[in-house]
Amino acid sequence: METAQILEKTKAGPSAGDSTESIYGDKKEDLLAVRDKLMNAIQKLREQITEQTGSDPVEHCLARIKSEESMREKCRRRNLPETTESALTEIFDAVGIRVVCAFVNDVYLVRDYLENLPDCEIVQEKDYIRHAKPNGYRSLHLILKVRLSEDRSYYAEIQIRTISMDTWAALEHNIRYKHEIKGNLNLIESELKRCADELASTDMSMQTIRDMIREEGEK
């Protein structure tokens, strides 16, 4: 499947006749360069593994630059000034990439590959796969510091998860978004977690099946 690149529309950015300066200042092109650098690296990994095993480790991959409106809102939520410094040094997801893999092992394959990229450093890691959130959410979150030159480094947030994890997260968001849940909230939350746990069990079963098939092929 082709790697996709999605650039969020700037909803609150400068437009014709609007003198409001971008919260990213003159760094937008650098952010695009960081996005492209990481996406190209992930594409290279996909090609290498596909050539070696005949199987693409990534189902799909999406990238975006956080919109002006979203970044300004996040600054306000965190009581930060709406400045370029806040957007690029206090908040780490101006560049965001989501990598969706078919199998759990592939999640960590991508993670290890990113860790070893030149000019990239993992500065924060939250493993919600091995340590799921109480509501059942699972994903691997990384903050990378990406160097473009000696004096130009930027942060990017990478979320890596399986198809099952991505499906659950999308459905959970769809169910909750703009809905003020009333009634038996505990039951709803327990059912969501039950679904997440069942999908996690399926992920492990599918990983085991793939490993068995590969072992048979090596005999």
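Five strands each contribute at least two residues to the lining of the largest pocket: β1 (58–65), β2 (95–101), β3 (120–127), β4 (140–149) and β5 (152–162). The model is a predicted one. The volume of this largest pocket is about 530 Å³, and 23 residues line it. Those that lie nearest its centre are Arg 64, Lys 74, Asp 93, Glu 157 and Gln 159. By class, the lining of the largest pocket comprises ten charged, nine nonpolar and four polar residues.

Next come the cysteines. Across the whole structure, a search returns zero disulfides; a disulfide here would require a pair of cysteine sulfur atoms within 2.5 Å. Two cysteines can be described by their accessibility. Cys 75 has a relative accessible area of 0% and is therefore buried, since buried means under 20%. Cys 195, with a relative accessible area of 33%, is partly exposed, because that value falls between the limits of 20% for buried and 50% for exposed.

Glu 172 belongs to helix α5, which spans residues 163–176. Is the residue Glu 172 buried or exposed? Its relative accessible area is 14%, so Glu 172 counts as buried, the cut-off being under 20%. Leaving aside residues up to four places away in sequence, Glu 172 touches Asn 135 and Leu 192.

Methods:
Residues numbered from 1 in each chain as written. Predicted model: local features only at pLDDT ≥ 70, side-chain atom pairs only at ≥ 80, totals over all residues. Heavy atoms only, no water. 1 Å grid on protein atoms, 1.4 Å probe; cavity = no way out; pocket = protein on both sides within 12 Å on 5 of 7 lines; lining within 4 Å. Points joined across faces, edges and corners; volume = space filled by probe spheres on them. Helix = DSSP H or I, 4+ residues; strand = E, 2+ residues; numbered from the N terminus. Nonpolar A, V, L, I, M, F, W, Y, C, P; charged D, E, K, R; others polar. Buried < 20%, exposed > 50% of the residue type's maximum accessible area, 1.4 Å probe, protein only. Contact = heavy atoms within 4.5 Å.
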